[in-house]
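Open your viewer and get ready to click. This tour tells you what to select next and what is there.

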Amino acid sequence: MLRNIRVLAVAVLSAAVACQGAYIETFDEGANGWRTYYIKNNGSLNSCDPIWISDNAGGGYIKACVSNGAWRLYDFEAGDVTPYGDLTELTFTVDVKVCGEVLTDGGRPTVRFYAGTRTGGNNYYVSNDSVSLSVNEMTGWTTMRFALESSAFVQWPNQAAYTKTLAEVLAHPEDIGLVFTDDQDHFYHNRFLGFNTKKCANIYIDNFGFISGDNPIPEPATLVLLGLGLLFKPLIRRPRVQNAG
Ligand SMILES: [Ca+2]
């Protein structure tokens, strides 16, 4: 019986996502090639597999640990952006949860979306403070969602000689994910990349993807309830939307 419920849940959720004309990574089948990057105190990047967590309802999400001391959590990155394709005129969405107190070197811990390409030089764009998640204002699962347009982005700090516009990068992204930084006033130098903590903390993400801007955007909880066929309604945590764009 439980297996049938799961099949139904996956089928209904797939239909709900497909009709949006875009793609959402639910992590319900695993981490699916995603990577987690840390910056060691020697400045080098270290890649790790994110930890997959069951939601005990047939699905799951992914987690990265934030340590104190030598390692700063730098980003979650889609290992293969092929399923996402051209992001032009789409709306980005992701659910994020932070357990524990995370720190930065200067100001306020902030979760940002980024997209970039290394073809023709480093061309990276990152979401600005107006649409990004300020961790100190988050309570439990929080949704970051905004239209992928120029008003939502800044150029990656200290990256010279851009050869591609944001529109060109979004049309052919090679590298997308979430990056953990300071707030925009301090986010200008590599020192302020990555979260640290005095003890330990965990960061979780789910439902990372893109929705067509031509269609009404469903509330995250609506998607989840559709996916679960209303069978697990009492168990659903409703993400709070922060900075909805
Ligand atoms: Ca999930």
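Predicted model: local features only at pLDDT ≥ 70, side-chain atom pairs only at ≥ 80, totals over all residues.

Residues are numbered from 1 along each chain as its sequence is written.

**Stop one: the core.** Select Leu-73, Val-96 and Ile-205. Of the 49 residues in the largest nonpolar core, these three touch the most other members. A nonpolar core is a set of buried Ala, Val, Leu, Ile, Met, Phe, Trp, Tyr and Cys residues joined through C-beta atoms within 7 Å. Buried means that 20 or more other C-beta atoms lie within 10 Å of a residue's own; exposed means 12 or fewer, and partly exposed is in between, with C-beta atoms placed from the backbone.

Now select strand β14, residues 201–212. It gives this core its largest share, 6 residues. Strands (E, at least two residues) are DSSP runs, numbered from the N terminus.

**Stop two: a loop.** Go to Lys-199, in the loop between β13 (175–181) and β14. Is Lys-199 buried or exposed? It counts as exposed, because it has 9 C-beta neighbours inside 10 Å.

Select β2 (residues 35–40) and β3 (residues 45–48), which pair in the antiparallel sense over 4 bridges. Strands pair if DSSP finds at least two bridges between them. Thr-36 stands opposite Cys-48 in β3. The hairpin has 4 residues between its strands, and Gly-43 in the turn has a positive phi of about 90 degrees.
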